[in-house]
Every structure is written in C-alpha cells, then in structure tokens.
Amino acid sequence: MEKTDFKDKTLLITGGTGSFGKIVLSKFINSEIGEIRVLSRDEKKQSDLRLKYNNEKVKFIIGDVRDLDSVEEAVKDVNYIFHAAALKQVPSCEFYPMEAIKTNIIGTSNILNIANKFNVEKTICLSTDKAVYPINVMGLTKSLMEKLMVSQSRMIENKKGIFCATRYGNIMGSRGSVIPLFFDQALNGKPLTLTDPKMTRFMMSLEDSINLVLHAFKYGKNGDIFVQKSPAATIETIANSVLEILEMPRHPINIIGARHSEKLYEVLIGREEMTKTEDIGDFYRISCDSRDLNYSKFFEKGNIINTQNLHSDDYNSHNTKRLNQKETTELLVKSKFVQEIINRIRN
C-alpha cells in the first residue's frame, strides 16, 4: 500500500471504536491521511480514544448506521469507508435477531446507499466466515450483507465508486472472542470453559485483518469478496496454549457444550463459490457474478459457465493448515494482545 493512496484523503470507519477500528487508528494516525472519522454509538469508548490520541486528524461522530440521517452526516466529503459496524456475537444475535437485522443488514444498506449518493471512491464491508452456509442469525445477516454489497455494486458499474468486501475467520484478541475469554478466566482463577474440544477456528491477527482490507482496497473491483489464507487450531489446542503461556499447566478446564447455533468448523469459501474464486497467493478473490436477469443469454444460448471446481472441497477450518500446540503458542505470543497481557503480568 503506497502512502500516497491515503494522502490528504478522508476515511470513515463505522464501528470505529471496536477492535478493528482501534488497529486502523494506530496504523493510520501518523500517516499522510487527511482525516479519520470514527462513527459509533459508544461515547465512553470514543472518549477513551480521543484522550489516547489527542489528534486533530481524528473526528469522532456519535451515531448509528441504522439511522440514515447520522450516516448521511458522517459520509459527506468522505473518500473511503471501512464498514466494520456490526452485531457480531452469535448467542446475542440468536436471542435478538431483529437487532442483528437492523444493524447488519439495514445498517449496511444505509452505508451503501449514502456512499453511492456521495460518490465515495471505495467502500469495503467487513464480513465473516459465518456468512458461508449460515446456520445462525449472525451468519445469516452477514450473508445478506454480502448480497447487498454485490447487488449495489452492479448498480454503480458505470458510476464513480467501488463496493467490495472482506471475509474473516476468528481474529485473535478481538472483543468477545474465545482467546481473551480464556486469558480472563485463567487470570481470575476460573476454569476455562470449552464448548467442544475438537471445534476448529481460523487463527488470524488484527494486523492480518488490516492487511486483508488494504489488499481489497488496492485490488478490489465491484462486487469482489477477499479472503486471506489462514491456519486453524482446535479450541482444545488454543486453551492449552493459553495455559502454557501463563505457565498454568494444571489449571482446570470444563467442557460446557456448544452454544446456540455454533458450528463445529468455519467455512471461508463455499464449494459453489470455488467456481469463481481466484487464488492470488496469500489471498483468495471471489469475483462478482456479472450475469443479469436475462438468463436465456447464458443458458438457452449455451454460454458455458466454468464448473470444473463445482464439486471440490470448500475452504474451511478443518481442511486448512492445522496448527499444533507449539505452533499455536508461537502464533499467540507474537500477537500484540498477548504481549500486552504478558507485560502486565511481569510488571
């Protein structure tokens, strides 16, 4: 990513007080960017970030992606949008599905419509592996978010602007994820609570998440979805690695069973999507299906669609590179989140 890509530009981060927004701020605060706008509902978190950075480049906006007026106010004169605002926790979305619909679907629709209205140059929506073969509300709403993005991208084909998306697996250290939970439980003398020891999850750092978005920013075309190749580990391996780092090998572990609508493994690219997926080194690019509604052009007249990969495996946390405990521990120790915990313990 060239520094000049963001020089004197204005970037809006929705949900910008979350884990992703914080790492974006830390990366861009000393760059040549003109302005960073943070749109979120949490005034306490905004206040904390304001005090931390005390930088006039950063503008904090209290608002909600569900509210069209606050979105319109935030998007005026913006060049780029990283759309990270979402309800992300599987159990809470199961109990309050309409709230997930309002934020993840209607909120995204608001962002895309206003971005189109103001000719925003690039809008990148952050999605999740749970959007593939979704079985829970969180995944269903994120899947529809992706469909919205692709649909809107077709409508701006001849206008200024690009809509694309990124798909993540588990981000180590992100709020509400299992790794911070394990550290918190161990450090407070509580048993670690494992859902299913054989459950697998992709392992991705917050820095990886930024690199994926920047890759999409640089190379994305309308309707593209980008996936980063990532290793995975079982929940049991992750728990044992946390205890190894904390030097608590005999700490108790309780098996509590899967939570509401939780998957045994996560899928980042479905089998059907593999027909239009391009392997580009460290990433996969899932291109937009550019056919229109006049299906006779494609089927009756024999415009053959590439189906050679139709029956190949999907890309999931069971068939990607599996980390053993040594590899998992090494990966965790490298993460900024774990390093901060270790430094606190030592001090």
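Modeller: Gladly, bearing in mind that this is a predicted model. Aspartate 208 has a relative accessibility of 23%, and it therefore counts as partly exposed, a class that runs between the 20% below which a residue is buried and the 50% above which it is exposed. Its place is in helix H8.

Biologist: Which residue is 8.2 Å from aspartate 208 in space, C-alpha to C-alpha?

Modeller: That is glutamine 228, which stands 20 residues from aspartate 208 in sequence.

Biologist: Why are H1 and H8 called roughly perpendicular to each other?

Modeller: Helix H1, residues 19–28, packs with H8 at an angle of about 75 degrees, the axes being 10 Å apart. Angles from 65 to 115 degrees count as roughly perpendicular, and H1 and H8 are therefore given that description. On the H1 side the contact is made by Ser19, Phe20, Ile23, Val24, Lys27 and Phe28, while H8 contributes Leu206, Glu207, Ser209, Ile210, Val213 and Leu214.

Biologist: Which members of the largest nonpolar core touch the most other members?

Modeller: Among its 34 residues, these are Phe6, Phe20, Val24, Phe82 and Tyr168. Helix H8, residues 206–219, supplies the largest share of this core, namely seven residues. There is also a second, separate core of 31 residues, which includes Val78, Ile81, Ile156 and Ile225.

Biologist: What makes histidine 83 a buried residue?

Modeller: Its relative accessibility is 1%, and because a residue is buried when that value is under 20%, histidine 83 counts as buried. Histidine 83 is found in strand S4, residues 80–83, and, leaving aside residues up to four places away in sequence, it touches Thr14, Val65, Thr108, Ile111, Ile124, Cys125 and Leu126.

Biologist: What arc do the buried residues of H10 cover around the axis?

Modeller: The buried residues in H10 are Thr328, Thr329 and Leu332. Their arc around the axis is only 100 degrees, which puts them on the same side of H10. The face of H10 turned away from that buried side carries the exposed residues Lys326 and Lys334. What covers the buried residues of H10 includes H7, strand S10 (232–234), H9 and H11.

Biologist: How many residues does helix H6 have, and what span is expected for it?

Modeller: H6, residues 137–155, has 19 residues and reaches 27 Å from its first C-alpha to its last, close to the 27 Å expected at 1.5 Å a residue. Its buried residues include Val137, Met138, Gly139, Met145, Met149 and Val150. The buried residues of H6 pack against helices H4 (90–95) and H5 (97–117) as well as strands S5 (122–128), S6 (162–168) and S9 (225–228).

Biologist: What makes the backbone at aspartate 8 worth a remark, and why is this residue called exposed?

Modeller: Phi of aspartate 8 is near 65 degrees, a positive value in a residue other than glycine. Aspartate 8 lies in the segment before strand S1 (10–14), and its relative accessibility is 61%, so it counts as exposed, the threshold being over 50%.

Biologist: Why is asparagine 119 called partly exposed?

Modeller: Asparagine 119 has a relative accessible area of 37%, and it is therefore partly exposed, lying between the limits of 20% and 50%. Asparagine 119 is found in the loop between H5 and S5, and its phi is near 55 degrees, again a positive value in a residue other than glycine.

Methods
Residues are numbered from 1 along each chain as its sequence is written. This is a predicted model: local features need pLDDT of at least 70, side-chain atom pairs count only at pLDDT 80 or more; totals for chains, interfaces and linings use all residues. Side-chain values use heavy atoms; hydrogens and water are left out. Helices (H or I, at least four residues) and strands (E, at least two) are DSSP runs, numbered from the N terminus. The expected span of a helix is 1.5 Å times one less than its number of residues. Buried means under 20% relative accessible area, exposed over 50%, partly exposed in between (1.4 Å probe, protein chains only). Contact means heavy atoms within 4.5 Å. A nonpolar core is a set of buried Ala, Val, Leu, Ile, Met, Phe, Trp, Tyr and Cys residues joined through side-chain atoms within 4.5 Å. Axes are lines fitted to C-alpha atoms, for helices over the stretch in contact, and angles run from 0 to 180 degrees between N-to-C directions. Angles under 35 degrees count as roughly parallel, over 145 as roughly antiparallel, 65 to 115 as roughly perpendicular and the rest as oblique. The arc is that of the directions from the helix axis to the C-beta atoms.
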